[in-house]
Amino acid sequence: ELAEANLCGDYAYPLAVTGGKQPYTFQLFGPASGPSSGQSASQSIANPELQIDGAGVIHGKPTRSQNLRVVVADANANSTSRDFSLRVADSSLKLESGASTACQVGNSCSPSLVVSGGCAPLQFQIAAGALPSGLSMSSEGIFGGEPTTVGDFVVDLRVSDVRQVAAVFPVAINVTAASLEITTGTLSPGRVGEDYHATLEAHGGEPPYIWGTEGQGLPAGFT
């Protein structure tokens, strides 16, 4: 019985051989591909994910559970074979965080997606729906930009690994208007009887802005 392997992780397991005359030579074959009665090892198909070295250690990076056949020969050309089952621990793609994000118009928005499982590198794409205008996502799942539209947006995010195993996760992005504030701190001084112009600036809310005055209003001569 072989030890269980982690998906796409480095795997190494030594086989024990007794009898015959050393040194031994080893061959490893993939599922149902090892030599059967009347079939030579040279006619068999080598395993594409795992190898076996001269010391009888099976090693590689398996991506799935599989059946293996090992053929060992001794110095007198006597040989024998044995079938093994290698179980690879399940590692399904899972969205651990980032399923819901709150952003504000005009501010940098970077939803943080954390996906576990699968065989890296992972690829990300929008399978359905659309991101808020001003926001984008790279194929590595990194968001960037500043949303320009208020609203609730839901996209279906497709994540796939190197084996083309994929999963789809809904991701919600809530975009609200930023707090409205006047960003102009002070006005430049003016002189009585001379023309005066000053432009005020604001941030947040949802343009266009409507300006006005409160309380006592502007001094005489100003609009």
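Tutor: Gladly! Let's start with Cys103 and Cys109, which are both buried. Bear in mind that this is a predicted model. The sulfur atoms of Cys103 and Cys109 lie 1.8 Å apart, and the two residues form a disulfide, the cut-off being a sulfur pair within 2.5 Å.

In total, two disulfides are counted. The other one joins Cys8 to Cys119, with an S to S distance of 1.4 Å. The torsion about the S-S bond of Cys8 and Cys119 is about 65°, so this disulfide is right-handed. The pair ties together distant parts of the chain, 111 residues apart: Cys8 sits in the segment before β1 (11-14), and Cys119 in the loop between β9 (114-116) and β10 (123-128). Cys119 counts as buried because its relative accessibility is 2%, and the cut-off for buried is under 20%. Taking the bonded cysteines in sequence order, the pairing reads 1-4, 2-3.

Now for the backbone. Most residues other than glycine have a negative phi, and most peptide bonds are trans. Cys8 has a positive phi, near 65°. The loop between β9 and β10, where Cys119 is found, also holds Pro121. The peptide bond from Ala120 to Pro121 is cis, with omega near 5°.

Two further backbone features are worth a look. The peptide bond from Gln22 to Pro23 is cis, with omega near 5°, and Pro23 is placed in the loop between β1 and β2 (25-29). Ala77 has a positive phi of about 70° although it is not a glycine. Ala77 belongs to the loop between β5 (66-73) and β6 (79-86), and it counts as exposed because its relative accessibility is 64%.

Finally, here is the chain as a whole. The protein chain has 16 strands and zero helices. Its radius of gyration is 33 Å, well over the 17 Å that the globule rule gives for 223 residues, so the chain is more spread out than a compact globule. Along the principal axes, the C-alpha trace spans about 115 × 30 × 25 Å. Of the 223 residues, 32% count as buried. Among contacts between residues at least 6 apart in sequence, 55% join residues at least 24 apart. The chain exposes about 14000 Å², with carbon and sulfur atoms supplying 50% of it. As for charge, the mean positions of the 10 positive and 20 negative charges are 20 Å apart.

Definitions and conventions
Residues numbered from 1 in each chain as written. Predicted model: local features only at pLDDT ≥ 70, side-chain atom pairs only at ≥ 80, totals over all residues. Heavy atoms only, no water. Helix = DSSP H or I, 4+ residues; strand = E, 2+ residues; numbered from the N terminus. Rg over C-alpha atoms; globule rule 2.2 N^0.38 Å. Buried < 20%, exposed > 50% of the residue type's maximum accessible area, 1.4 Å probe, protein only. Contact = heavy atoms within 4.5 Å. Areas by Shrake-Rupley, 256 points an atom, 1.4 Å probe, with all protein chains shown as cover. Lys, Arg positive; Asp, Glu negative; His and termini not counted. Charge placed at Lys NZ, Arg CZ, Asp CG, Glu CD.
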